[in-house]
Structures are given as C-alpha cells and as structure tokens.
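Dear colleague,

I am handing over the structure below, and my notes on what was found in it follow. Please read them with the model open beside you.

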Amino acid sequence: MNLSASNVFSVLPEGLRTDLVGAFNEIARNYREHRWEPAELNGGKLCEAVFTVVDGYIKGQYAPRSSKPNNFPDACRALERNGQVPRSVRIQIPRMLIALYEIRNNRGVGHAGGDVNPNQMDATVVLYMSKWLMAELVRVLHTLTTEEAAKTVDGLIERDIPMVWSDGANKRILATDLTRKQQVLLLLLLEPGESAEEDLMRWLEVGNRASFRRDVLRPLHKDRFIEFDAGRKMMRLLPPGVTAAERIFP
C-alpha cells in the first residue's frame, strides 16, 4: 500500500492536517540544517498536534486545528482511561508525548533556566520520537504494518531543492554542472518509495537505456547509493544515497 503525503491524513480536517505535517517537516528541516534549538522547539508544536489528533480519534470527532490543553501531562494521562481504543492510542502515544514535551520544556529549549543547552543529541531524540509518533498515527488510521507506516512517514518529509523544477508529472534538473549520477540522486530524493526507470529516463531526457544502466544506475547500485531492480525497472534511494544527495544542494 503506497500512501502519498497528500492523502495519508485525509481523515483529518485540513487545518489540523496542516498543523501536524507542518510541525513534523519543520523538525526534519531544522535537523537537516543543524539548527538544534528550532528542531527541539518544534517538538512542542508536534506534541500539540498529535494530542489533538488522538483526542479526536477517541471522541470520534476531530478539532479543526491543533490546540494545547492547560496541563499537557495531565491531559495525556487522562487519555489512558479510554479502554475502548487501541493501547497505542490511549497509552503508548500519550506517554511518548509526555516525554517529548519534557525535552521541549525542560532541557534548555523552551525557556531560560534549563540545565542543558540545545544540542544534536537532544535534537536527534526529538526527530526520531517525532517519526515514531507520526508512524503510529499512520499505522492506526490506515491499519498498516509498522514497516509500511515508517516508509510512509519518510515520504512525508518535504525537501526544498531549488535546482529541481517540477510541475507534478515532470521534473527537470536546473543546475547544468551536475553529473548524471548526481542528477539521479537528486530526483530520487524527491520521490517517496520506489521510482520507475522510465520516469528517470524521461525526466533526464535519456535516450539510450543500455548506457544509462551501465554508466549511471549500476554504479550507483554497486556503491549502495540506490537499490536498482533491473527486472522490475524500479529503484529507490538507500541511506548513503540520501546523504550524498543532500550534500549536493546547500
């Protein structure tokens, strides 16, 4: 099951969906740019959005926008009394929210006087707790496996790459000084999940499939930047490829 970023939270009101996905993307973007304090601060916004979603799931009606209860930890603990919903919704997600909110408020991020300055370690915790929370929401709302939900969440991460133009169906690399391998990595970075060889060839205006495979795709596969299935004519970016692609643009 392949859910896109546009419909993965279609059950939520537009405003709440925007709050949720927007806060998550801010965390991911700030972390990628090594902006540790903003990455941690946005953990608080995500907590409020996730709480609102969980509260609406339990009540059977979602609020139009996210909001913060007066006493956030107590409100999360109160969710545990709803025994008719899945354990993840009433216990695991709320307890994770309390932990994430604690980092945002009492680790030198949300206000002066915390005993730890914003740092990469805390920001990393915030990022991966946020990914877990988003994946659990996807899993619960769409009845996916944990693995499927995690892959869907990675697809929600928005990347702003000025050197790539797209009208939705077509993509073009605007930077003329990049190698063909670099162009493939950038295009795959923008694609959640797998991409078809035919699409890559069309976007890059490649006419010779044999040379494209020999000189570009197979070397990238050998270096473990991409996973290329020649039989299915499909490929996806691997973690080393993500790192290599993100080093290309400032």
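Contact here means heavy atoms within 4.5 Å, and helices are DSSP runs (H or I, at least four residues) numbered from the N terminus. The model is a predicted one, in which local features need pLDDT of at least 70, side-chain atom pairs count only at pLDDT 80 or more, and totals for chains, interfaces and linings use all residues. Residues are numbered from 1 along each chain as its sequence is written, and side-chain values use heavy atoms, with hydrogens and water left out.

In H7, Leu 185, Leu 186 and Leu 189 meet Gly 241, Val 242, Ala 244, Ala 245 and Glu 246 of H10. The axes (lines fitted to C-alpha atoms over the stretch in contact, with angles from 0 to 180 degrees between N-to-C directions) of H7 and H10, residues 239–246, come within 9 Å and cross at roughly 105°, and these helices are therefore roughly perpendicular, a term for angles of 65 to 115 degrees.

H7 (residues 180–189) also packs with H9 (residues 209–222), at an angle of about 55° and with axes 10 Å apart. In this second pairing, Arg 180, Lys 181, Val 184 and Leu 185 of H7 meet residues of H9 that include Phe 212, Asp 215 and Leu 220.

Terms used:
Helix = DSSP H or I, 4+ residues; strand = E, 2+ residues; numbered from the N terminus. Parallel < 35°, antiparallel > 145°, perpendicular 65-115°, else oblique.
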